[in-house]
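Here's a quick tour of a single chain, going from the whole fold down to one residue. Have the viewer open while you read.

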Amino acid sequence: MIADSSSWLLLCRTVRFGETDAAGVMHFHQLLRWCHEAYEESLERYGLSAAEIFPTPGQIPAIALPLVHCSADFLAPLVCGDPLAIQLEPRRLDSGSFEVHYNFRRGERAAAKALTRHLAIETASRQRCPLPAGVQRWLEASSLGQGIQPL
């Protein structure tokens, strides 16, 4: 586990040409894809392997974390070459759910914000259940790190 939460809650990306539309701005669906990729990378940087959380060939975790809600707001156009910092703010909602707030910044300016909400369910029964222990640790450590310097 990494001690400095900024190393798993602050990620960087660059808008690529293939992520833009005919008008030259980032296509809207890319933002939510980036959110999920940032969430996955955050878990990995924290020390949780993808196989612990997500289905992999031949292995399905006992607990799934489906997305049950998402939203996004674009605050400025994002174009090819724009460097972005993505700050994640995970928050436990109850024993079996959490949400992640994503703040995208281009330099000093806010560029976008998004939210994903996840629910823990037993894979076999599809019934709600408590969050996996690793995710609980990630959420606890992330809340301790809320004192990191905002972008």
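## Overall fold

Keep in mind that this is a predicted model. The chain has 4 helices and 7 strands, and walking along the sequence gives you α-β-α-α-β-β-β-β-β-β-α. Its radius of gyration is 16 Å, close to the 15 Å from the globule rule for 151 residues, so the chain is as compact as a globular protein of that length.

If you're setting up a box, the C-alpha atoms fill roughly 45 × 35 × 25 Å along the principal axes. As for how the chain folds back on itself, take the contacts between residues at least 6 apart in sequence: 66% of them join residues at least 24 apart.

Buried residues make up 40% of the 151 in the chain. The accessible surface comes to about 8000 Å², and carbon and sulfur atoms account for 56% of that.

## A look at His-118

Is His-118 buried or exposed? This residue belongs to strand S6, which covers residues 109–119. With a relative accessibility of 1%, under the 20% cut-off, His-118 counts as buried.

Who are its neighbours? Leaving out residues up to four places away in sequence, His-118 touches Tyr-39, the run Leu-65, Pro-66, Leu-67 and Val-68, and also Gly-96, Ser-97 and Phe-98.

Definitions and conventions:
Residues numbered from 1 in each chain as written. Predicted model: local features only at pLDDT ≥ 70, side-chain atom pairs only at ≥ 80, totals over all residues. Heavy atoms only, no water. Helix = DSSP H or I, 4+ residues; strand = E, 2+ residues; numbered from the N terminus. Rg over C-alpha atoms; globule rule 2.2 N^0.38 Å. Buried < 20%, exposed > 50% of the residue type's maximum accessible area, 1.4 Å probe, protein only. Contact = heavy atoms within 4.5 Å. Areas by Shrake-Rupley, 256 points an atom, 1.4 Å probe, with all protein chains shown as cover.
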